[in-house]
Amino acid sequence: MDKLVIPKSIKNVSKILSDAGFENFVVGGCVRDIIIGREPKDWDLNTNATPEQIISLFSKTFYENEFGTVGVVNEEEENEALKIVEITPYRIESGYSDFRRPDKVEWGKTLGQDLARRDFTINALAYDVQNERLIDPFDGKKDIEKKMIRTVGKPEERFHEDALRMLRALRFASTLDFVIEHETQEAIEKNAYLLEHISKERIRDEFIKIIMSDSPAIALDLCARLKLLKFISPEFEKGIGVEQNKAHAYTIWEHLLRSLDHSAKKNMPLHVRLSALLHDIAKPHTKKWLNGQWTFYGHEVVGAKVAKNILVDLKFPKEIIDKVVKLVRWHMFFSDTEEISLSAVRRMVKNVTPELIWDLIDVRTADRIGTGRPKETPYRLRKYKSMIEEVMRDPISVKQLKIGGGEIMKLTDAPAGPHIGFILEILLSEVLEDPTLNTNDYLEKKVLELYTLKLEELMGLGREARMKNESEEEKESERVKEKYGVR
Ligand code: ATP
Ligand code: MG
């Protein structure tokens with residue numbers, strides 16, 4: 001009854017180890033995931049073989065990390081999660097005098113020792129592929145069924161060994177939609193301060209996994225309640241319980257969480273989710289009572305700086321930081337479509353950059369939903385989008401021709417003069433009608449033909465073409481509006 005469905009390439013790897021006389025088990029997150037019925041992100045095996053012995057059995061391998069993990073490369077595999085199978089010798093850890101890593105990592109002799117060092121019962125299951133047998137010394141399967149996160153052994157002790165496990169507990173609560181067992185939760189609240197000893201990189205990696213989960217607000221809210229939040233960044237705590245004006249039903253922190261959750265619900269990429277979470281981060285810094293109400297003037301400017309500090313501190317890559325800083329800085333754009341001009345939209349696109357303009361709209365939408373106010377009216381949003389597309393599209397112009405004024409002068413061996421402009425307009429009007437004519441060959445031939453005309457004739461044709469081209473340009477603009485169903 002404990003038979004699990006294991007992919008063929010894992011069975012193959014396991015058989016190679018077994019045939020060579022080594023014990024081996026599928027372990028950790030992937031066993032948990034198959035029992036839950038989720039697709040594992042990666043597959044891990046452990047074994048009593050040494051790294052050298054593992055390497056000798058497979059044709060293509062590489063060393064993964066300091067723990068002796070060997071990555072076995074499976075080039076034929078289509079499934080991304082199975083392309084590299086990680087095989088790690090059994091491990092025992094001891095010491096942990098600095099609350100983060102063992103003083104000593106040794107090879108273990110038994111599977112039992114290796115499972116006992118793992119963080120949570122749901123992560124401490126192993127599966128014997130050859131004998132189709134689940135090994136579950138800590139009742140992890142029962143906890144999976146109860147949707148419960150519980151440490152292997154005493155939570156206090158386990159969190160003292162490695163404080164990151166507390167954040168991992170919340171991460172699993174969020175990604176798996178599990179609850180944290182009572183004693184484990186109490187131990188987190190009591191020992192949260194130990195996270196001070198954990199490197200920012202490790203905190204960042206768990207933070208990213210929380211942000212990228214389906215409902216990150218639950219985990220972050222738990223982080224706040226269990227006092228872990230300030231170890232991600234003390235800035236987040238400043239918005240907790242801070243009221244805004246009547247238009248805002250939620251406190252700053254609640255609003256940020258709701259905005260983040262919306263961006264997660266819409267499956268937005270990391271930088272958009274981070275921007276949703278950070279867009280009002282400096283409201284507590286800028287809050288002032290003015291003329292009978294709370295104001296937050298300049299919170300987007302200060303916010304861009306605060307967001308940057310948070311992300312730099314967490315060692316996020318520069319590319320992500322740059323994007324978030326821009327999105328936070330410009331999230332307050334004025335969007336009253338009745339009054340906003342195309343040139344204002346053009347400035348906006350220039351500020352946030354064309355690459356990020358659609359992300360800015362997504363941040364704005366998350367912001368509005370997170371306010372609890374009715375959605376941006378569909379019409380208004382469509383209108384705004386159509387204005388963006390309008391300012392972003394290349395205008396119809398002679399610049400799109402494969403030939404330019406300079407080339408025409410060379411071709412006709414004539415000095416600059418009004419005829420060049422007329423010729424270009426005529427060429428453009430032909431190309432607009434039939435884009436396949438936009439080739440050097442055709443256009444050069446056509447230039448020579450037109451150049452035989454009298455200037456007056458050329459002028460007549462040229463003016464006619466210009467009017468046609470201008471009306472094409474207007475039509476193009478109409479087409480954008482039509483696409484969004486706006487006027
Ligand atoms: P995911 O699906 O997100 O990768 P995972 O459970 O595989 O989740 P990893 O961080 O990849 O999590 O770790 C793999 C396994 O290693 C875990 O399932 C757990 O058994 C063990 N592990 C990882 N980090 C720790 C830790 N800090 N303390 C104890 N055991 C850990
Ligand atoms: Mg994993």
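How far apart do the C-alpha centres of domain 2 and domain 3 lie? I get 28 Å.

**Ground rules.** I am working on a predicted model, where local features need pLDDT of at least 70, side-chain atom pairs count only at pLDDT 80 or more, and totals for chains, interfaces and linings use all residues.

**Domains.** I looked up the assignment for the protein chain: domain 1 (8–146), domain 2 (153–232), domain 3 (241–394) and domain 4 (398–484). These bounds come from an automatic or database domain assignment.

**Where domain 2 meets domain 3.** I checked contacts first (heavy atoms within 4.5 Å). I find 18 residues of domain 2 touching 14 residues of domain 3. Next I looked up buried area, meaning the accessible area (1.4 Å probe) that two parts lose on being put together, summed over both. The two domains bury about 1,500 Å² between them, and 73% of that is on carbon and sulfur atoms. On the domain 2 side, Lys 200, Arg 204 and Ile 211 lose the most area to domain 3, together 31% of what that side buries.

A salt bridge here is a side-chain nitrogen of Lys or Arg within 4 Å of a carboxyl oxygen of Asp or Glu. The rule finds 1 across this interface. Lys 200 and Asp 313 meet in a salt bridge, at 3.5 Å from N to O.

Which elements give two or more residues to the domain 2 side? I noted helix H9 (200–211), helix H10 (216–225) and helix H11 (229–232). Helices (H or I, at least four residues) and strands (E, at least two) are DSSP runs, numbered from the N terminus. H9 supplies the largest share of that side, 7 residues.

**Salt bridges elsewhere.** I searched the whole structure and got 37 salt bridges. I also noted a network of them linking Asp 119, Arg 168, Arg 171 and Glu 206.

Asp 114 and Arg 118 pair up at 2.8 Å, N to O, and both are buried.

Arg 202 forms a salt bridge with Asp 162, with the closest N and O atoms 2.9 Å apart. That pair links distant parts of the chain, 40 residues apart: Arg 202 is in helix H9, and Asp 162 is in the loop between helix H6 (155–161) and helix H7 (164–176). Arg 202 is partly exposed at 30% relative accessible area, while Asp 162 is buried at 8%.

Lys 323 bridges to Glu 319, closest N and O atoms 3.4 Å apart. Both lie in helix H17 (residues 318–329), 4 residues apart, about one turn of the helix. Buried or exposed, where does Lys 323 fall? Lys 323 counts as buried because its relative accessibility is 16%, whereas Glu 319 is exposed at 51%.

I stopped at Ser 174, which sits in helix H7. Ser 174 counts as buried, at 6% relative accessibility. Not counting residues up to four places away in sequence, Ser 174 touches Ile 210, Ser 213, Ser 215, Pro 216 and Ala 219.

Key: Residues numbered from 1 in each chain as written. Chains lettered and ligands numbered in written order. Heavy atoms only, no water. Buried < 20%, exposed > 50% of the residue type's maximum accessible area, 1.4 Å probe, protein only.
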